[in-house]
Amino acid sequence: MKLRRTKSADEIDRRAVVNPAQARELLTAVTYCGRTRGPMLAAMFACMYFGGLRPAEAAGLREKDCHLPETGWGLLTLEKTKPQSNKRFTDSGETHDDRGLKHRDEKVTRPVPIPPELVAILRDHIARYGVAADGRLFRTKTGGVISGSAYAMIWKEARSYAFTPDQVASPLAARPYDLRHAAVSLWLNAGVHAPEAAERAGHGIDVMLRVYAKCIDGQREVANQRIMEALAG
């Protein structure tokens, strides 16, 4: 007798998705974590929420990748990521290696328009903290790459400041990566067409719609209204 294994669900748990007010509260709370590490990481978390960046993409973001005008929308041209791995499995022998974008050829870039709010945050971050020797925006005090455990610790502390005890115990923004999920969910709920949202997020359209299907609110009501209008025609 053969048993069929149940496939694990890829869908995002909508309980983990924060709304804009909660996201801003979390970003503010990050600035109260630690003497310098929290304030230096706030803009990195903001990139995950307002730009939908993966943590490794934010870690690899350089000043030359950023078009940050004084007014209006800006643009991030993503090229490199800084994924964390065991030193034995990286080309450089370091815990973080330079890699291309996920699911893309090494030389392919991804343009990500960013709203004025994130433009202002990044301009302030650069003015206050400068950049690393290689142009990276986010780094340790000695210029190194922020480890996943370090920013996860800051995130855990920030949640305790921004949320009620019940929310802290819930899946709500349990991981920094959930900021990216909140970003893509927001775009889809705002009516951004799936191909455009997928391009900004670096997803395939089919994957994105499958993963975020349960996070798209209000679609049933919209569909019902369109069907009613068609029936009345």
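Which helices do the buried residues of H1 pack against? They pack against H2, helix H5 (148-162) and helix H6 (165-168). This is a predicted model: local features need pLDDT of at least 70, side-chain atom pairs count only at pLDDT 80 or more, and totals for chains, interfaces and linings use all residues. Residues are numbered from 1 along each chain as its sequence is written, and side-chain values use heavy atoms, without hydrogens and water.

**View A. The buried side of helix H1 (residues 20-30).** Gln-22, Ala-23, Leu-26, Leu-27, Ala-29 and Val-30 are buried (under 20% relative accessible area, 1.4 Å probe, protein chains only). They lie on the same side of H1 because they cover an arc of only 160 degrees around the axis (taken from the directions from the helix axis to the C-beta atoms). Helices are DSSP runs (H or I, at least four residues), numbered from the N terminus.

**View B. The start of H1.** A side-chain oxygen of Asn-19 comes within 3.1 Å of the backbone nitrogen of Ala-21.

**View C. Helix H2 (residues 37-50) against helix H7 (residues 177-189).** The two axes come within 6 Å and cross at roughly 35 degrees (lines fitted to C-alpha atoms over the stretch in contact; angles run from 0 to 180 degrees between N-to-C directions). From H2, Phe-45, Met-48, Tyr-49 and Phe-50 meet H7 residues including Leu-179, Arg-180 and Trp-187.

**View D. His-203 in the loop between H8 (194-201) and H9 (205-211).** The side chains of His-203 and Arg-180 form a polar contact of 3.3 Å (N or O atoms within 3.5 Å, one able to donate a hydrogen and the other to accept it; residues adjacent in sequence count only if both atoms are side-chain atoms). Beyond four places in sequence, His-203 is in contact with Arg-54, Arg-180, Ala-198, Met-208 and Tyr-212 (heavy atoms within 4.5 Å).

Note on methods:
Helix = DSSP H or I, 4+ residues; strand = E, 2+ residues; numbered from the N terminus. Buried < 20%, exposed > 50% of the residue type's maximum accessible area, 1.4 Å probe, protein only.
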